[in-house]
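Please walk me through this structure, one part after another.

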Amino acid sequence: MLNRELIEQEYDFLKDEIFLNVSSVVMPPKRVQAKYNSFMNEYIENYGDDIVPKSWQIVEETRKKIAQLIHAQDPLEIGFVKNTCEGVSILADGYPFKQGDNVVLCNQEHQANLFPWINVHQRKGVELKVVHAKDNEINADDLISQIDEHTRILTISSIQFSTGFYADLKKLGQACKEHNVLFMVDGIQALGRFDINVQEMNIDYLAAGTNKGLLGTLGAGFVYCSKQYCEQIIPPYASYQSVVSHVSPPNITTNFDTLEWHHDSRRFESGNLSYNCINAINAGVELILELGIENIESHIKQLEKYLRNQLTDLHIHVVQAKDEKNWGGIVCVYYPENQDEQVMSILKKYKIHCTIRGGYIRFGLEFFNTQEQMDIVSKALHEIDQLGGK
């Protein structure tokens with residue numbers, strides 16, 4: 001059961017606003033806000049003395065917490081990047097593809113997990129085997145059926161950003177393991193909200209920004225890479241943090257022929273990281289671990305079911321997977337595009353914050369949302385439904 005008192009302490013600043021936009025950006029809890037701001041304060045107060053070594057202590061501590069959250073074997077399987085796209089791009093660009101190799105993916109992917117693969121297709125000739133969704137659902141068997149002897153990677157988002165469809169990661173991961181195919185997951189919509197176990201799901205590579213369910217902020221993310229594949233991936237950039245073969249100043253490098261990369265996910269880090277953002281991530285993951293990811297997932301699933309049960313009589317289209325196991329804590333609703341102003345006015349009246357784009361509303365549910373808020377969302381959607389049109 002969720003600790004409601006702790007949640008209230010961290011989120012009392014929301015007051016009567018209904019924040020349902022975690023699928024875009026999260027409202028960081030108080031402890032995250034404090035950590036983010038304290039980094040700069042300490043930087044200034046100490047005139048920058050020892051800021052870098054202190055920051056790397058924060059990095060190592062945060063690796064451990066993320067590893068615990070996703071059930072990784074070793075914290076050094078975690079490397080920090082700027083965002084999901086950078087994490088995906090490191091794999092796409094750094095994997096040792098050969099002529100005739102292919103990647104399996106679906107047509108609903110966010111650009112962060114799509115454009116890097118189009119880029120490697122365009123630049124290196126890697127074939128893309130694109131599986132099309134049916135009725136907004138991604139059939140795991142359809143993806144698996146596209147695996148052949150030339151498939152090197154199968155990539156998918158844990159939860160699709162435009163439909164809320166939660167993929168059958170265990171089934172996909174098992175199939176990839178059996179076919180010796182690297183299983184890559186864009187985890188940004190699920191992490192911190194759903195229990196993603198990289199070992200049970202046989203996930204080999206996972207990339208995610210931390211500005212959604214991980215309660216962090218923009219401009220930071222991480223990758224997880226299993227030991228099986230890590231040394232095969234050569235990053236597109238290098239600095240002293242990413243290699244073993246560096247010498248400490250004031251000494252200078254004398255080997256101009258080769259680099260010896262770290263044998264773990266530290267190889268994906270180069271130059272100074274967004275330490276203040278990682279400081280924030282540390283606090284966000286800490287809160288998730290305190291609340292319990294199983295408790296969070298259970299709460300979100302209960303809220304989604306409760307809300308969906310109230311929307312069955314709507315004329316406007318509510319996207320819904322047939323099987324509850326594919327519900328990802330995101331409810332998407334489509335309305336006539338010419339009603340944008342009226343729809344935004346209604347949502348504003350009820351103090352609902354969500355994603356609104358031409359003809360599309362997306363509600364991302366989080367642990368701080370309540371059943372009472374779902375009642376208000378239902379009321380707002382029924383009012384929108386009365387605008388007419390299909």
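The buried residues of helix H4 pack against strand E2 (78–81), helix H5 (115–124), strand E5 (151–157), strand E6 (182–186), strand E7 and strand E8 (221–225). Contact here means heavy atoms within 4.5 Å. Helices (H or I, at least four residues) and strands (E, at least two) are DSSP runs, numbered from the N terminus. H4 itself spans residues 84–94 and is mostly covered, with 8 of its 11 residues buried. They are Thr84, Glu86, Gly87, Val88, Ile90, Leu91, Ala92 and Gly94. Buried means under 20% relative accessible area, exposed over 50%, and partly exposed in between (1.4 Å probe, protein chains only).

A word on the model. It is predicted: local features need pLDDT of at least 70, side-chain atom pairs count only at pLDDT 80 or more, and totals for chains, interfaces and linings use all residues. Residues are numbered from 1 along each chain as its sequence is written, and side-chain values use heavy atoms, with hydrogens and water left out.

Next come the helix pairs. Helix H2 (residues 30–45) packs with H9 at an angle of about 155°, and their axes are 8 Å apart. Axes are lines fitted to C-alpha atoms, for helices over the stretch in contact, and angles run from 0 to 180 degrees between N-to-C directions. H2 and H9 are therefore roughly antiparallel. The cut-offs are under 35 degrees for roughly parallel, over 145 for roughly antiparallel and 65 to 115 for roughly perpendicular, with the rest oblique. On the H2 side, the residues in contact include Arg31, Tyr36 and Phe39. On the H9 side they include Cys277, Ala280 and Leu287. By class, this contact of H2 with H9 has 8 nonpolar, 4 polar and 4 charged residues. Ala, Val, Leu, Ile, Met, Phe, Trp, Tyr, Cys and Pro count as nonpolar, Asp, Glu, Lys and Arg as charged, and the others, Gly among them, as polar.

Is Cys277 buried or exposed? Cys277 is buried, at a relative accessible area of 6%. Leaving out residues up to four places away in sequence, Cys277 touches Tyr36, Thr217, Leu218 and Ala220. Its C-alpha atom is 9.6 Å from that of Asn211, 66 residues apart along the chain.

A second pair is H11 (residues 340–349) and H12 (residues 371–385). They pack at about 155°, with axes 10 Å apart. Val343, Ile346, Leu347 and Lys349 of H11 meet Ala380, Glu383 and Ile384 of H12. This contact of H11 with H12 has 5 nonpolar, no polar and 2 charged residues.

Now the rings. The structure holds 11 aromatic pairs. Rings of Phe, Tyr and Trp (its six-membered ring) pair if their centres lie within 6.5 Å; planes under 30 degrees apart count as stacked, over 60 as edge-to-face and the rest as tilted. Tyr205 and Phe268 are edge-to-face, 6.2 Å centre to centre with 70° between the planes. Tyr205 lies in strand E7 and Phe268 in the loop between H8 and H9, so the pair ties together parts 63 residues apart in sequence. Tyr205 is buried at 0%, and Phe268 is buried at 1%. Tyr334 and Tyr360 form a tilted pair, 5.2 Å centre to centre with 55° between the planes. Tyr334 is partly exposed at 35%, whereas Tyr360 is buried at 7%.
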